[in-house]
Amino acid sequence: MRCRIVGAPVQDGAGRMGCEMGPSALRTAGLVSVLAELGHEVEDWGTVEKAAARPAVVHGNLALKALPEISAWTAAIAETAYAASRDAVPIFLGGDHSISAGTVSGVARRAAKRGRPLFVLWLDAHPDFHTLDTTTSGNLHGVPLAYASGQAGFKGYFPDLPQAVDPARICAIGLRSVDPAERRALAEAGVTVHDMRAIDEHGIAPLLRAFLARVEQENGLLHVSLDVDFLDPSIAPAVGTTVPGGATFREAHLVMEMLSDSCLVSSLDLVELNPFLDERGRTATLMVDLTASLMGRRIMDRPTRSHSGSL
Ligand SMILES: [Mn+2]
């Protein structure tokens, strides 16, 4: 398979600095060589050009931070995501999670052009489903999923959305920090939500399997957005928004292995890695290992699968 690496070193959407170094850390942890060793053709497209901030616009929510900057990043990333997804599986290296406003809207436009429905798997402690009106922190890494799924209130502030993702085709897994406004909005929009309690009660595999079955049934494309804080902070400390009680090492790898087996993944975000907070690169290394699992690394061959390795 052809993989296309795209760096999106955005940090203005997070509450603290450091995510700008994320793409470098993921490359340093060996992402390109790991993918090449798995037999993939890897193209590194370098770094999305930081667009000039759009003229400041006044918004009623005075808490909003870096709105012109994030809006400009979103436009630039969406354009690159659309181009990069033409004939390859793009892997977007964040950068804080605000990059997904651009990556998801870009690949959604690509999916529409292909006449295929886009599904989104959101692996995160947070749903990032705030609108510009409901966020109280004002950190715009809390809004990308609301934007990309066409929720109200972004028009005139963020780039016009060429193609909204149907909220009914979004599945968020790993949630354990959800604000009341988000809880209401997720329910109203019809997003499938599996919080950590659901994982505890049912196990992560059946929850994911049910979603993947829907993607397959509708012949969909699947974008996976992996936030470092999906993982438990004890194994992935390099993130500015740690929440205890996250996915374990094996739960995370199992998700990636199931995604690999499904052959459905068409694009991937690796976001919120803050190397300034890491311990000797262990979080960056784990993110690369998880990517390897998603892209076909396996412990043992599964001989019953006829299409293994042809993701
Ligand atoms: Mn996030």
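**A walk through the core**

Hi everyone, let's start inside the protein. If we skip its neighbours within four places in sequence, Leu123 is in contact (heavy atoms within 4.5 Å) with Ile173, Val224, Ser225, Leu226, Asp227, Phe230, Val255 and Met256. Before going on: this is a predicted model, where local features need pLDDT of at least 70 and side-chain atom pairs count only at pLDDT 80 or more, while totals for chains, interfaces and linings use all residues. Residues are numbered from 1 along each chain as its sequence is written, and side-chain values use heavy atoms, leaving out hydrogens and water.

Which residues touch the most other members of the largest nonpolar core? Leu121, Leu123, Ile173, Leu222, Phe230, Leu231 and Leu259 do, in a core of 53 residues. Such a core is a set of buried Ala, Val, Leu, Ile, Met, Phe, Trp, Tyr and Cys residues joined through side-chain atoms within 4.5 Å. Apart from it lies another core of 40 residues, including Ala84, Ile99, Val120 and Phe158.

How much of the protein is buried? The share is 56% of the 311 residues, with buried meaning under 20% relative accessible area (1.4 Å probe, protein chains only).

Now zoom out. The protein has 10 helices and 8 strands; these are DSSP runs, helices (H or I) of at least four residues and strands (E) of at least two, numbered from the N terminus. Its radius of gyration, over C-alpha atoms, is 18 Å, close to the 19 Å from the globule rule (2.2 Å times the number of residues to the power 0.38), so the protein is as compact as a globular protein of that length. Finally, the C-alpha trace spans about 60 × 40 × 40 Å along its principal axes.

How values were computed
Buried < 20%, exposed > 50% of the residue type's maximum accessible area, 1.4 Å probe, protein only.
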